[in-house]
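The entries below follow the order of my checks.

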Amino acid sequence: MPLITLKAKIHADPQTEAVLKDAMFCATKVYNGLLWHLRKEHKETGRVDISRKNLNRILKELPRAKGYYSMSVQLTRDEVREAYKSFFALKKKGLTQHEAPGFRRKGQLSPLKYVQSGFKVEGDKVTLSLGTSREDGIKQVTFRISHRPGVEYERVRELSIAYDKVSGRIEARLVVEVKTRENSGTGRAAVDLGETILMACAFDDGTVMLYAGRQIKAIRRYWQKVRAGLKQSSRRWRQISHREKKQVEHLLHVATSHFIAECVRKGVKEVVVGNLDGIRESIDYGKRLNQRLHAWPYRKLIDMLKYKGTLAGIIVRDDVDENSTSITCHACGKVVASNRIHRGLYVCSCGWKAQADVNGALNIYEKAYKVSPVKGSSGRVARPAVVSYQLGWHGVAEPKREGKPLRASA
Ligand SMILES: [Zn+2]
């Protein structure tokens, strides 16, 4: 049975929330405590032993390990192991000057993870075990959760309580087994992601659907302006980031739901999405925004496609290298960077002329499935039929709230 990750809001009374946050704080202390001991060992012996055995030994010396469920403590331990493993990998490649993985900051609440045991979900009611050794004697907490409607799942496999840096709230993340819709289709589709055209989707019947991306672009630019004068990670900055995220996510939901419904209608069984490398190059929001921020709507979009696809019995993969698909002529196969005249149109000397993202999507299709949806047996290219879809949009101007308008001051 396929698994999906569901985010859920936590509805807890203030005391319960305080207990959860305290347990998460303990997890941060345990994480940092393990790091601290490993650093000390390294200084003394020149070696780092991240075996479970050694870490379990250290855990016994950490009083905060009694602050939460023992299996969750083990999962914190495994986070430390993972941190060290990626640190070693970076070190080997000479990509870090640091001596060890970094400590978590005081305010950074570590996740409480539950796998298989220590938790119970009945409807919207969640009960979590906090072990039997907490100083305040609290052994378990109960609260309610809510997630977006329309998701039916069979069983919760994993649950974690995590801190969302943008909203500043704690939330639940559930890994659930879902029943998928029966899908006897055999069709295929390919998706090219971009900025002006959010998604160019090529189907095996030779049609291409374009989803306009300018609303998302406008939202991001607008909020970036508002944010520009603010201190990064300040309360206001986070508030604004949260609002931007909500608005962008809403549009991503609209687009991905529409596309998946279209796939179902056309009997599509498999969708391939070009990877994100091309996007990082082509988007320029100015230097203030780093690479990670550039790419987040697209990562989010791919997540949504995978998630909604899974529910509809459609396989969504993003393992096709998009490299040069945007500058390759779909008709003759020539790779000419200058062929991408303007952002909008791809024109080749062989006579092929197509919207650039349509050309890109057809190339991704061909790369993934080794066949083109619009090439006949003679190898000639038929013109794809293009359907455009505009996202619904509420505008970016924010209503005044609490007397404090959030506006870009030029
Ligand atoms: Zn050509």
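**Conventions.** I fitted axes as lines to C-alpha atoms, for helices over the stretch in contact, and took angles from 0 to 180 degrees between N-to-C directions. Helices (H or I, at least four residues) and strands (E, at least two) are DSSP runs, numbered from the N terminus. I worked on a predicted model, in which local features need pLDDT of at least 70 and side-chain atom pairs count only at pLDDT 80 or more, while totals for chains, interfaces and linings use all residues. Residues are numbered from 1 along each chain as its sequence is written.

**Overview.** I found 8 helices and 15 strands in the chain. I called a residue buried if 20 or more other C-beta atoms lie within 10 Å of its own, exposed if 12 or fewer, and partly exposed in between, with C-beta atoms placed from the backbone. On that basis 30% of the 410 residues count as buried. Of the contacts between residues at least 6 apart in sequence, 67% join residues at least 24 apart.

I counted two strands as paired if DSSP finds at least two bridges between them. I then traced 7 strands in an open sheet, ordered β2-β6-β7-β1-β5-β4-β3, with antiparallel pairing. The edge strands β2 and β3 each pair on one side only. Neighbouring strands of this sheet are turned by 30° against each other on average, direction ignored. I looked at one pair in detail: β2 and β6 (residues 153-164) run antiparallel and are joined by 4 bridges. Val-115 has Glu-158 of β6 as its bridge partner.

The 32 residues of α1 (residues 14-45) should span 46 Å, and the end C-alpha atoms are 46 Å apart, so the two agree. After α1 comes Gly-46, with a positive phi near 80°.

I repeated the check on α3 (residues 70-92): its 23 residues reach 33 Å from first C-alpha to last, close to the 33 Å expected. The buried residues in α3 include Ser-72, Val-73 and Thr-76. I asked what covers the buried residues of α3. The cover includes α1, α2 (52-59) and β2. Just after α3, Gly-94 takes a positive phi of about 70°.

I found 6 of the 7 residues of β8 (residues 187-193) buried. β8 pairs in the parallel sense with β11 (residues 268-274) over 5 bridges, and Arg-188 stands opposite Glu-270 there. β8 is also joined by 5 bridges to β9 (residues 197-203), which runs antiparallel to it; Leu-193 stands opposite Met-199. A hairpin through 3 residues joins β8 to β9.

I defined a nonpolar core as a set of buried Ala, Val, Leu, Ile, Met, Phe, Trp, Tyr and Cys residues joined through C-beta atoms within 7 Å. The largest core has 49 residues, of which Met-199, Cys-201, Val-271 and Ala-361 touch the most other members. Elements that each supply at least two residues of this core include β8, β9, β11 and α8. A second, separate core of 31 residues includes Ala-23, Tyr-68, Val-126 and Leu-130.

**Leu-391.** I located Leu-391 in the segment after β15. It counts as partly exposed because it has 18 C-beta neighbours inside 10 Å. Leu-391 and Gln-215 are 176 residues apart in sequence, yet 7.7 Å apart in space, C-alpha to C-alpha. Beyond four places in sequence, the contacts of Leu-391 include Tyr-211, Leu-251 and Val-254.

Most residues other than glycine have a negative phi. I recorded Gln-116 with phi near 70°, in the loop between β2 (112-115) and β3 (119-122). Gln-116 is exposed, because 9 other C-beta atoms lie within 10 Å. Lys-370 has a positive phi of about 60° and is found in the loop between α8 (356-369) and β15 (385-389). Lys-370 is exposed, with 7 other C-beta atoms within 10 Å.

Key. The expected span of a helix is 1.5 Å times one less than its number of residues. Two residues are in contact if their C-beta atoms, placed from the backbone, lie within 7 Å.
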